[in-house]
Amino acid sequence: MKKLISLLLVLVIAFAVFAAPSAEVGPKKPSSLTVVVPNTTILDPLEKIFAKYTAEVGIKVEIQALPAGEEYGRLLQTRFATKDYPDLFTMDPGTKQYTKFGVDRLLEMTGDPLFDNVLEASLDFQRYQGKLYGAPWGGTGTYGVYYNKDVFAAIGAKPPVHYADFLSILRRAKAAGYIPVYEASKTEWPLQVFSLIAWPTFVDPAIGDEGVQRLEVNELQLNQIPALRDVFSRYVSLRDAGLFQSGYQAGTYEEQMELLATGKVAVAFQISNFIPSLMAKFGQDYVSEKIGWFPLPSDTDQGIAMLTPAHQILVPRDGKNTDWAMDLVRFMTKSENQAIYFDYNAGIPVYKGVEKELLPYEMDVLAFDQAGKAKINVQNRLSSSFTDFPKILQNMLITGDVNTALNLMDENYRRTGKARALPGF
Amino acid sequence: MTISSQRSRYPNWFLLPTILVFGFLFVIPTLTSFYYSLTDWNINRRVITFIGFDNFIELFSDIKFRATLGNTLTYAFSVTFTRNFLGLLLAILLNIATLRGKNLFRTIIFLPYVIAPVVIGYLFTAIYNPSQGILNQSLRTIGLAFLAKDWLNDPNIALFSTIMTDVWRTTGFSMVIYLAGLQAIPQELYESAAIDGANGVRRLAHITLPLLAPSITINVVLALIGTMKVFVMILVLTNGGPGYATEVMNTYIMSTFSLGLYGSGTAANIILSLLIITIGLPVLLLLRRREVEL
C-alpha cells in the first residue's frame with residue numbers, strides 16, 4: 001500500500017510538471033532581444049515597431065547601432081567569430097552576406113510563412129543554392145546621381161542625356177560658383193557609389209550577364225575588364241578636371257547632405273538611404289521639391305538605373321533565442337509594421353499590401369525600370385565581395401593610379417572568394 | 001653564509017606558478033601562432049589546412065602591405081629620434097639647479113603621457129581640423145595662413161601629423177628617464193671638469209652623454225618597440241587613411257582579422273614580431289656595447 005501511494009505521488013508530481021500550461025512549453029521566453037543595425041539606420045520606425053512588440057509579447061527589444069559601411073560587416077563577423085551573437089541583425093541585400101557569415105551559421109528561413117507575403121521578384125537575389133537565409137527588410141532602392149534642382153535651374157540644366165552632357169553640366173556649375181561634385185572621401189564608403197552606378201551603364205553592356213556569371217565562378221578577372229578600367233579612369237578624370245570640392249579628402253557624408261540640400265553642390269553620387277536622411281533633416285516636402293535623381297549617363301544615352309534589392313534581416317543559427325528572434329522577424333515584416341517603416345524611409349515596398357506614396361525620384365527610378373533600363377547592383381549579383389573597395393578608391397584618387405586600383409580590387413575579390421570557399425575560387 | 005647558499009633557500013618550484021601562467025598565456029599561444037600563420041585558417045573554414053608560406057608570399061606581394069611596412073618604419077624611427085632628442089634637451093634644461101618652476105614644467109611636459117592615447121587621438125582630431133581646428137586658427141591669427149594645412153587628410157602630411165602627435169604624447173616619458181639618469185651623475189665630475197677648464201659642450205660630450213648611456217639605451221629600445229606596435233593613435237586619428245598614407249602594421253593586422261582572414265592576419269603579426277626583434281635586438285646590443293665602451 002505504501003508503495004502504491006508513493007507511486008501515485010510520483011505520477012501526480014510528474015503530471016503536474018509536464019502538464020503545465022501550453023504557453024510555458026517550447027523555448028524559454030527571454031526578457032529581451034538584441035537587434036543590431038548600422039548607425040545610418042533611421043531608428044524611429046524600429047523603436048515604434050519594437051514598442052508594439054513589447055506591448056504585445058512582453059519582450060523588450062534592444063537596438064545596437066554599429067558603425068555603418070564595411071566596418072559594420074567586419075564588426076558582426078568578429079562577433080560571430082567570438083560567438084557573441086546578436087539575436088538578429090539587418091544586412092545589405094544579396095547572397096554574399098550569407099557566404100560572408102557562412103550559411104551554416106545562419107538560420108535557414110526557407111518555407112517560413114512570412115515569405116508568402118513577399119513579392120516573388122524581390123527574392124530573386126536572395127536565394128543561395130535555392131535556400132533563403134534572410135527576410136527582406138525595407139524596399140527596393142537605387143544608387144545614382146542626386147542633384148539639386150535649384151542649382152540645375154540656375155545654370156539652365158536638365159538631367160543629362162549623355163556623358164558629355166553630364167560633364168558639361170558639371171563645368172557650368174563650377175563656372176557659376178557651385179561645387180560640381182561633392183565627394184565624402186573622409187567617410188570612405190560613399191566613394192564606391194560612382195563605380196557601382198557606372199557598372200550598369202558601362203560595364204554590363206560590355207560583359208553582359210554572362211560576364212557577371214563568369215566573375216561569380218572566377219573565370220573572369222576584374223582587372224581584365226577594359227570597361228571597368230574606363231570607369232575608374234572617368235572617376236579620376238573628374239578629380240583631374242577639378243570637379244570635386246577643394247580638399248575633397250576631408251569631405252564627409254554629413255557635409256555632403258547639408259551642402260547638396262542647401263544648394264551649394266550640384267550633384268552627389270549617393271545611395272537611396274541618402275534621401276530619408278535628408279528628409280529627417282530638411283523635411284519630406286523640401287527634399288521632394290529640391291532633390292532630383294538620374295542614373296549615370298552613357299556616351300550615347302541617359303544610361304541604366306542601378307537598383308538595390310531590399311535589405312534583409314538575418315538570424316544567427318547559434319543565437320540564444322532563435323525561435324523568439326524569428327517571432328520578432330515575422331512581427332517586423334507584417335504589412336502594418338512595414339507601413340510604419342515606410343513612414344520614415346524611402347524605397348519601393350517588397351511586401352504585399354503595403355501602400356506607399358512614391359517620391360518623385362522613385363517615380364523616375366520606376367520609369368527606368370519599367371522601360372527595361374535598370375539593373376541590380378552588381379555587388380548583389382556576386383557571392384564574393386569587393387573587399388576594401390572604398391580604401392582602394394581613396395588611394396586611387398590620391399595617386400591617380402587606375403591599374404593598381406584595379407589589380408587590388410581583383411586581388412581582394414578573388415582572395416575573399418577563396419576565403420569563403422566559393423566554387424571556382 | 002655565502003650568497004649561493006642564501007639563494008638555495010628558495011626552492012626552484014617557487015617558479016612553477018609563474019612558468020605555468022606565462023607558458024599558457026604567452027609561450028603556447030606564441031608557438032601556435034607560428035603554426036596558424038602557415039595555414040588557411042579563416043572565418044569560413046571549418047577545416048584548417050597547412051599551406052606552407054603562402055600567407056607570407058601573399059603578404060609580400062601585396063602593395064598595401066609593403067606600403068604599411070614602410071609607414072611603420074618611418075613612424076617608428078621618426079618618433080623614436082624626435083622624442084629622444086626633445087626629451088634629452090628638455091631633461092638637460094629642467095635639470096638646471098637654478099631654474100625656477102622646474103617641477104611645474106616637468107609635470108606639464110609629462111602630463112600628456114598619462115592621458116589615454118585614444119583621448120589624445122580625439123583631441124588632436126579636433127586640433128587638426130582644417131577649418132575649425134585650433135592649430136590652423138592660430139596660424140591664421142598670427143599671419144602664417146600659408147602654413148595652415150589639412151593635417152590629417154592631406155596624404156603628404158598625414159603621417160607627419162600622427163608622428164608629431166605621438167612625439168607630443170611621449171616626449172615627457174623620455175624626459176623623465178633622462179632626468180633620472182642626469183640626477184645620478186655625480187656633481188664632482190662636473191666640478192672637476194670645470195677646474196680642468198672644460199666648457200659646457202665638452203662636459204656634455206665627455207661626462208653627460210657617456211654616463212647617460214643606460215638611459216639612452218632604455219629610451220631608444222622602448223620607443224622603437226612601442227612605436228612599431230602603434231595602433232590606437234593611428235586608428236583614432238586617420239584609420240590608416242587617406243588611402244594607405246598612414247596604414248601601419250597593427251591597423252593592417254586588425255583589418256585582416258576583421259575580414260576573418262585569421263591565417264593571413266597571424267602571418268602579418270609574425271612579421272611584425274620578427275621586425276621588432278630584427279631591429280630592436282641589434283639596436284639594444286649596439287647601445288649596450290657602447291655603454292661598456294663609454
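In which crossing, left-handed or right-handed, does H5(B) pass H8(B)? The notes below take this up, then turn to a sheet in chain A.

1. This is a predicted model, in which local features need pLDDT of at least 70, side-chain atom pairs count only at pLDDT 80 or more, and totals for chains, interfaces and linings use all residues. Residues are numbered from 1 along each chain as its sequence is written, chains are lettered from A and ligands numbered from 1 in the order written, and side-chain values use heavy atoms, without hydrogens and water.

2. The crossing is left-handed (the near helix is turned anticlockwise from the far one by less than a right angle). Helices (H or I, at least four residues) and strands (E, at least two) are DSSP runs, numbered from the N terminus. The axes of H5 (residues 102-114) and H8 (residues 158-183) of chain B come within 6 Å and cross at roughly 130 degrees. Axes are lines fitted to C-alpha atoms, for helices over the stretch in contact, and angles run from 0 to 180 degrees between N-to-C directions.

3. Now look at chain A, where five strands form an open, mixed sheet in the order E2-E1-E3-E12-E6. Strands pair if DSSP finds at least two bridges between them. The edge strands, E2 (60-66) and E6 (134-137) of chain A, each pair on one side only. From one strand to the next, the twist averages 25 degrees.

4. Follow E6(A) to E12 (residues 311-314) of chain A: they pair in the antiparallel sense over four bridges. A:Ile313 in E12(A) is the bridge partner of A:Ala135.
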